[in-house]
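This report goes through one protein chain, from its overall make-up down to single residues. Keep the sequence and the 3D view at hand while reading.

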Amino acid sequence: MTHLFPKPIGAHHSREPIGGPTKRHQHKQQAGGVSSAIPGIMRLQATIGNRAVGQLMRAGTLNVPSIQTAQPDLSIQMMPKFKDEHEAILYFEEWETESAFEEHYNEVKQLLRLCSQQGWEDLQERIEYAQSQSEAFALRQFREWDLSTDARLPEAKKLLALAQDNEWDNLEDLVIHYVRKSEDAQPLVPIKLAKEPLLQIQEEFLAEWKEQASIPYEALLKLVIHGGRTKEELAWLQTLLRLPIPPLSLEQFDLLTDYKADLEANVPALKRVVDIVSVTPGTEEAKQHIELVKDFNYDIEFALEAITGAYEHAEHIRESELALIAKRLQADKQQTLQGNYDAAVKSLTSKERKDFDKGLRKTELEPKVSSKQQALSQGALEQIEEKAKEAEQKVILMIGPEAYEKRRNEYVSFFRKINYHPVAIAALALSGNQFAFAEKIVENVRQAPNLQALIENENITKQAYMLCLKVLKATDLGAILSKIDSTELLIFAVNEKRLGLLSQLHTDNVPNAHMKLLAQSLGSFNSYCEPAVISDFSRLLVHYEPAEIAKLMPVTPGADHTKLAFLLTLQPYAASAADLTACLELTSELRWNQATVATKIALLPAGQTAALFKTHIFNQKLGIFIRDNKFAEWINTLFVLMRDNNYTVTTTNAYLLKGGTTYERTCNIYDDTGTWLNDFVVHYHPGAKADVKNPNGSGAHIKPHPGNAQTIRIGLDSLKGNLKASIPSNRH
């Protein structure tokens, strides 16, 4: 290998990458916007590094129009960060003279910028001298110029002289053509056959496209004359015009034509390449950009994903290898020093060894032993360090780049295998860059396109995704995502029980609005995610909103685990959830159990309103509970009827019962029509109180009938409303 300069010794690279560590994000950005910003992206890369560009692209924070004025660059390279100028010189001098400006052209430009930033004059002089001696560099420089005008003529003349002085024939042939044409004030690329008559197929083509084309007629004419002499050529031009295209120079048209075989049947890719060509200052630079993205269906997003992903992978490999080298270096040095310890101790005088063995004079003797130990080991330590440096150089110059290239090729294969599916980048992020797993994700999205929204949700985790597929098929998930959005679905993806409920909701075809409302308040309904009740809960959600069910549950009779099923039996009888709630609020106050409610409501036709329910319930009068057996429930019913349905109670005068200690009144009940229905009694026991012998004792209480000491009784003080007001509190 011919090096630019004699290779310096004793240098090694730092282990830090050119960009800081980044967290990989999903990138969502319009393809057209990205493609049109390619020059800016490439230029920014040269300044902040690959991983930083990738991070900005994924985060969607890259303001590409604002970076168009940055220093130009052509492609993304992978270059480590240098600890000092010495390391950078070593890195530069690993390249042969011409390859430095062919294969590593952009890295050299980055090194020059680094020289300017760090003040590395030695490296800068070496690079600039190498540039002055390189035809490859001069060719690249010339090809970056805008040759559409004669503005570069003075510089071109100097470059021509340099080419002739150095016998650079390739450069001379290129530059002299431009110089001559510019001096003659002729177009750089004259229109071919401009003075020859048009072919018939050309005239027909122009007639068809004169009004349709998005470019001026003069520009169209130039393209037809230049590249439209056959049906095949005109078909290609027609493909471009249908995009449509902006006005193109002949060089730009020729560059597009170079990629015709790839692009003619791939319109999305063709649009991206046209964007690249139209916004890039020169065709040579545009070609560099196209070549960068060519392996990725000409998509900059895929290219950056592969480049940044491969770069991070290579950096991980590099860091791991360098860490092993550093660990091995320390172990070998320690072993070498330990091997010379006994010899270092023996170098002490006899008296010193005795004192040393006894642990005396440590401050004086230990440094002496250590110094001798170091001196005895010096040669071996230098060999160990040199070997470690050689190993580091192999990692930096071979293993790291090889790992990068291998990983990049894996990205290329992956993108091709999935045919550049739009969800590819999000699938890679979700899979943790496991290509096989990401491929399965893409396959699921193909089966259920709505899944793409879930995969691209910024809050999706691999665990949540796998849990979804454990409970639901991909096609079912896709169908559900047509009813609720991905964020709402993720609320269910917390555990299998919630997903089981979601599956049931889908099976029962619960209205979309009800599913969305449930997602918003699912934490309040966790008890309904249990397998024993999800079916009833889901079927009830077909008819009612979650909040409506929440209002129904407290007023529904029966044990909690039976309430949902019971509500399902009642649902057809009510016109709405509000009507059923009003019905059950009343029956709850009347203390009806499930059997009573079911029996009485079943007598009604479907679709009852709250008012109809109330009338029907009040029509049962006092017949639900037997007075003598369920006196408390019976009296409670009377209270409600007096409050809400105009029932009244009148009492007789008090009379003394046999025994001489109890006074009694008869209480007569009349319904809302004034018809007598039934009666009960009130007893007064002046001075009576409850005690151990007479637990039911009280001064005044009501009873279903006179009875005896064991007959159920209710104290007057516990009554309320009109009922309490209708009964005198004493015998007078």
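A helix here is a DSSP run of H or I with at least four residues, and helices are numbered from the N terminus. In that numbering, A598 lies in helix α33. The model is predicted.

**Overall make-up**

The protein has 732 residues, and 46% of them count as buried. Its secondary structure consists of 36 helices and six strands. Take the contacts between residues at least 6 apart in sequence: 66% of these join residues at least 24 apart.

The table sets out their axes.

| Helix pair | Distance between axes | Angle |
|---|---|---|
| α10 (residues 200-209) and α12 (residues 231-241) | 11 Å | about 15° |
| α13 (residues 250-258) and α16 (residues 283-294) | within 10 Å | roughly 25° |

Are α10 and α12 roughly parallel or roughly antiparallel? Angles under 35 degrees count as roughly parallel, and α10 and α12 are therefore roughly parallel to each other. The crossing of α10 past α12 is right-handed. On the α10 side, the residues that meet α12 are I201, Q202, F205, E208 and W209. Their partners in α12 are K231, L234, L237, Q238 and L241. Sorted by class, the residues of this contact are six nonpolar, two polar and two charged.

An α-helix has 3.6 residues a turn, so residues three or four places apart point the same way.

The second pair is α13 and α16, whose axes cross at roughly 25°. That angle makes α13 roughly parallel to α16. Here, too, the crossing is described by its hand: α13 passes α16 in a right-handed crossing. From α13, the residues E251, Q252 and L255 take part in the contact. From α16, the residues are T283, A286, K287 and I290. By class, the contact of α13 with α16 contains three nonpolar, two polar and two charged residues.

Between α12 and α13 there is a loop, and P244 is found in it. The peptide bond that leads from L243 to P244 is cis, and its omega is near 0°.

**Around helix α31**

Helix α31 covers residues 560-570. Which residues of α31 are buried? They are K563, L564, F566, L567, L568 and L570. These buried residues pack against four helices, namely α29 (534-541), α30 (546-552), α32 (577-589) and α33 (594-601).

L552 lies in helix α30. With a relative accessibility of 0%, L552 counts as buried, because buried means under 20%. Apart from neighbours within four places in sequence, L552 is in contact with Y544, L567, A577, L580, T581 and L584. One of these, A577, is 25 residues away from L552 along the chain, yet the C-alpha atoms of the two are 7.9 Å apart.

The other residue is A598, in helix α33. A598 has 32% relative accessibility and so counts as partly exposed.

**A buried threonine**

T308 is found in helix α17, which covers residues 300-339. Is T308 buried or exposed? At 1% relative accessibility, T308 counts as buried. The side chain of T308 reaches the backbone oxygen of E305 at a distance of 3.3 Å.

**Loop residues with positive phi**

Two residues in loops have a positive phi without being glycine.

N419 lies in the loop between α20 (362-417) and α21 (424-431). Its phi is near 55°. Because its relative accessibility is 57%, N419 counts as exposed.

K621 is placed in the loop between α34 (610-618) and α35 (631-644). The phi of K621 is about 50°, again a positive value in a residue that is not a glycine. At 33% relative accessibility, K621 counts as partly exposed.

Note on methods:
Residues are numbered from 1 along each chain as its sequence is written. This is a predicted model: local features need pLDDT of at least 70, side-chain atom pairs count only at pLDDT 80 or more; totals for chains, interfaces and linings use all residues. Side-chain values use heavy atoms; hydrogens and water are left out. Buried means under 20% relative accessible area, exposed over 50%, partly exposed in between (1.4 Å probe, protein chains only). A polar contact is a pair of N or O atoms within 3.5 Å; within protein, one must be able to donate a hydrogen and the other to accept it, and residues adjacent in sequence count only if both atoms are side-chain atoms. Axes are lines fitted to C-alpha atoms, for helices over the stretch in contact, and angles run from 0 to 180 degrees between N-to-C directions. Angles under 35 degrees count as roughly parallel, over 145 as roughly antiparallel, 65 to 115 as roughly perpendicular and the rest as oblique. A crossing is left-handed if the near helix is turned anticlockwise from the far one by less than a right angle, and right-handed if clockwise. Contact means heavy atoms within 4.5 Å. Ala, Val, Leu, Ile, Met, Phe, Trp, Tyr, Cys and Pro count as nonpolar, Asp, Glu, Lys and Arg as charged, and the others, Gly among them, as polar.
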